[in-house]
Amino acid sequence: MTKFKLAFFKFGNHLIDYLFYFFIFISLYFALMSPNLTLGDTLTPQTLGEGTTWVTIVFLLLMVGIASAFFVWQIVKFKLNI
């Protein structure tokens with residue numbers, strides 16, 4: 001492979017990588033900014049059920065963290081005998 005082809009190939013790979021990172025980032029950003037995840041006051045009759053409570057957010061974050069730990073860290077699997 002000539003130097004030009006190699007440089008062009010690397011440029012193309014970097015471009016694809018950065019486009020992927022950009023789209024993943026904006027997807028994450030808009031998912032976090034979604035009105036479905038709004039923390040709201042669910043105690044008053046006017047806003048009953050309009051927002052997500054802190055308990056739900058913490059529960060979801062814990063579940064994602066525990067699931068990630070099972071897949072990523074071998075020591076977690078070893079300690080829990082899974």
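Me: Is Phe8 buried or exposed?

Reply: Buried means under 20% relative accessible area, exposed over 50%, and partly exposed in between, with a 1.4 Å probe and protein chains only. Phe8 has 58% relative accessibility and therefore counts as exposed. The model is predicted: local features need pLDDT of at least 70, side-chain atom pairs count only at pLDDT 80 or more, and totals for chains, interfaces and linings use all residues. Residues are numbered from 1 along each chain as its sequence is written, and side-chain values use heavy atoms, leaving out hydrogens and water.

Me: Which aromatic pair do Phe4 and Phe8 form?

Reply: Rings of Phe, Tyr and Trp (its six-membered ring) pair if their centres lie within 6.5 Å; planes under 30 degrees apart count as stacked, over 60 as edge-to-face and the rest as tilted. The structure holds five aromatic pairs. In the pair of Phe4 and Phe8, which is stacked, the centres are 6.2 Å apart and the planes 15° apart. Phe4 is exposed as well, at 63% relative accessibility.

Me: Where do Phe4 and Phe8 lie?

Reply: Helices (H or I, at least four residues) and strands (E, at least two) are DSSP runs, numbered from the N terminus. Both residues belong to helix 1, four residues apart, about one turn of the helix. Phe11 is also found in helix 1, which covers residues 3–32. The protein chain has three helices and zero strands.

Me: What percentage of the 82 residues in the protein chain do buried residues make up?

Reply: Buried residues account for 6% of them. Phe11, for its part, is exposed, with a relative accessible area of 52%.
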